[in-house]
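Please look over the helix discussed in the points below. The notes follow the chain and then turn to packing.

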Amino acid sequence: MTGRLLDRMRAHRRRSGARRTRDERGAAAVWTLIITTTAFVALLGLVGGGGELINHQVDARRAAEQAARAGADELSASAVRSGSDRVDAGDAIARARNVLHQAGWSGTVRVQGSTVIVTAAGTRHPQFLGLLGVGSVNIRETGTADAISTPDG
């Protein structure tokens, strides 16, 4: 009788082991779901973050060009009288820096002859790239403008 009982217990153990194997068939679907979700979040971070980064670069370029145009409008008094295109360097730099600051960027302003060169620089913290561990991005864009003292003919 004890032999039969042991045989029954062994048979039951084998059957329950077989059932456990069948119960684990959905494990591959769970792993596939986890991997697919992770890949989707990474792709979302790259696409969304790339778009954000492009927007920041366009904003910096636009601010640099606006500041350069504002600086180039600061013609020197003698240039206005003589009809030349000379820029008052001090006023041009001050005005360009002010426009750059109002746009939310820092940077540098240079005057070379009648050309004003502005570089907008700053650090931005993109939200989507944060999903991928990128905390901040440095952006640097340059814009130039030439002074024109005579109207278009």
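Predicted model: local features only at pLDDT ≥ 70, side-chain atom pairs only at ≥ 80, totals over all residues.

1. Residues are numbered from 1 along each chain as its sequence is written, and side-chain values use heavy atoms, with hydrogens and water left out.

2. Helix α4 covers residues 89-102, 14 residues in total. Helices are DSSP runs (H or I, at least four residues) and strands likewise (E, at least two), numbered from the N terminus. From first to last C-alpha, α4 reaches 20 Å, close to the 20 Å expected at 1.5 Å a residue; the expected span is 1.5 Å times one less than the number of residues.

3. Ala-92, Ala-96 and Leu-100 of α4 are buried (under 20% relative accessible area, with exposed over 50% and partly exposed in between; 1.4 Å probe, protein chains only). Seen down the axis of α4, these buried residues fall within an arc of 60°, so they line one face of the helix; the arc is that of the directions from the helix axis to the C-beta atoms. His-101 and Gln-102, on the other side of α4, are exposed.

4. What do the buried residues of α4 pack against? Their partners are α2 (27-72), β1 (106-112) and β2 (115-124); contact means heavy atoms within 4.5 Å.
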